[in-house]
Amino acid sequence: MQHNPWERAKNQLHNAAEHISLDPLFLAKLGAPDRTVGVSVPMRMDDGSVRVFEGFRVQHNNLRGPYKGGLRYHPKVDMDEVRALAFWMTMKNAVVDVPFGGGKGGVAVDPKKLSASELERLTREFARKLAPVIGPSLDVPAPDVNTNGTIMHWIREEYARVSGADAQAVITGKAIKDGGSEGRTEATGLGGSYALAEYLRLTGQHPQGMTVAIQGFGNVGSYLAGYLQELGFTIVALSDSKGGIYIPGGIRDLKAVAACKERSGKIAGCYCVGSVCDVTNMEQLGGRDISPDEALTLPVDVVVPSALENAITSDNVADVKARIVLEMANGPTTIEADRVLAERGVVVIPDILANAGGVAVSYFEWYQNMHGETWTKPDVFAKLKEKMDAATGAVYQASLQHQVSLRDAAYITALQRLASSAA
Ligand code: NAD
């Protein structure tokens, strides 16, 4: 059961609900999505054959505003996964206090096996099927795993064709020239750094001297690493799907490591001294190679799963040595592992708080589109900080008041906000 995301989502809901008094009708409403949409996406492949893919959109709840959440293209996408992800979006949007509900969707397909024109045909067909159930005030999709601004642009065009209304705000994650927001690319990583810094401030701790290991060096992990370093943390380990590097004294030049990964396609071997990044510098830097998962079990103060779900499980939780886990990925800790971490007093800053910076700036994008405004990057960052600090403060207070983990506190905060919208 621990790896079924929908079972985990329901478990989290009921754990948190035990601490507060909620109307059973309200709980029943959250325990199942408002609407699940399953569509068939038939398309002609480049070789002339016809294939039929399965597409999904789950609209979990809209008590606080339009359904909001990404669309992913992945062979493992199924209704249970999408249902859980839509539920987490409802909770995340309530925690970070943006006027959105929760939604999620996708197509069960491996986009890496499609040509560029097949990808476009698939997306346009999927978008035509979705058009009747999305809209700026109804349901606002965004990019997620294996989808991007170009795919969102095709969806917007098909939505305009079907609905007769060309609405910028029907999707977020657009390129800036198409109405996207400044700062969206950095938002999730930056938001995570704000949440961690605010938690430390509230508990009288300081980043200086704290070591950090990050699993996953993609969009989220790479920006997070840079912002944490600016705050005074020492980044000692980074990994991606092929391996990683560990330098106990600190990885100083993160930009050089990122450029090295860009060139070589992996972090492994990116030991940088000056402009030279290769394995011959390893000894001089006192570093060593690590496996993709080893980043989670190094002797550091903070570990950051920022790759995939189910990263910390009953198999490796006993080896986690950090005292803080900053969950940047969605659902990176299984229920069993979460229980063990709590028993050991490890603080987990939960995903629905830690990675909410992304959707906060998606809301800013939607708001700018709806009001014909354009905000500067410093303005977006200042507003993001305000949102993340307030959300972290609310969750921390709830954890003190109810004597619960930050995860239960985040759910309690979300449930209370949702319940007051329902009243
Ligand atoms: P990404 O595809 O840009 O990066 C993912 C990284 O994880 C890559 O470096 C990849 O090599 C690495 N990886 C994959 N498997 C690994 C493994 N077993 N061990 C170590 N590294 C591994 O994705 P992203 O946008 O950075 O998202 C990362 C996570 O954050 C996902 O769980 C995503 O759902 C979540 N998230 C992202 C956003 C966002 O705005 N991008 C918002 C909220 C949550």
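A crossing is left-handed if the near helix is turned anticlockwise from the far one by less than a right angle, and right-handed if clockwise. The model is predicted: local features need pLDDT of at least 70, side-chain atom pairs count only at pLDDT 80 or more, and totals for chains, interfaces and linings use all residues. Residues are numbered from 1 along each chain as its sequence is written, and side-chain values use heavy atoms, with hydrogens and water left out.

**Exercise 1. Describe how helix 6 and helix 7 pack.**

Step 1. Locate the helices. Helices (H or I, at least four residues) and strands (E, at least two) are DSSP runs, numbered from the N terminus. Helix 7 covers residues 219–231, and helix 6 covers residues 184–202.

Step 2. Take the geometry. The two pack at an angle of about 45°, with axes 8 Å apart. Axes are lines fitted to C-alpha atoms, for helices over the stretch in contact, and angles run from 0 to 180 degrees between N-to-C directions.

Step 3. Classify the angle. Under 35 degrees counts as roughly parallel, over 145 as roughly antiparallel, 65 to 115 as roughly perpendicular and the rest as oblique. Helix 6 and helix 7 are therefore oblique to each other. Their crossing is right-handed.

Step 4. List the contacts (heavy atoms within 4.5 Å). The contact residues divide into nine nonpolar, six polar and one charged. Ala, Val, Leu, Ile, Met, Phe, Trp, Tyr, Cys and Pro count as nonpolar, Asp, Glu, Lys and Arg as charged, and the others, Gly among them, as polar.

**Exercise 2. Work out the seven-strand sheet and what lies across its strands.**

Step 1. Read the order. The open sheet runs 11-8-7-6-12-13-14, with mixed pairing. Two strands pair if DSSP finds at least two bridges between them.

Step 2. Find the edges. Strand 11 (288–290) and strand 14 (347–349) each have a single partner strand, so one side of each lacks a neighbour in the sheet. The twist averages 20° from one strand to the next.

Step 3. Check one pair. Strand 8 (residues 243–246) and strand 11 run antiparallel, joined by three bridges. I245 is opposite D289 of strand 11.

Step 4. Helix 6 lies across strand 12 (302–305), strand 13 (324–326) and strand 14, at about 155° to strand 13.

**Exercise 3. Give the strand order of the five-strand sheet.**

Step 1. The open sheet has the order 1-2-4-3-5, again with mixed pairing.

Step 2. Strand 1 and strand 2 (residues 50–61) pair in the antiparallel sense over 10 bridges. F53 in strand 2 is the bridge partner of V41.
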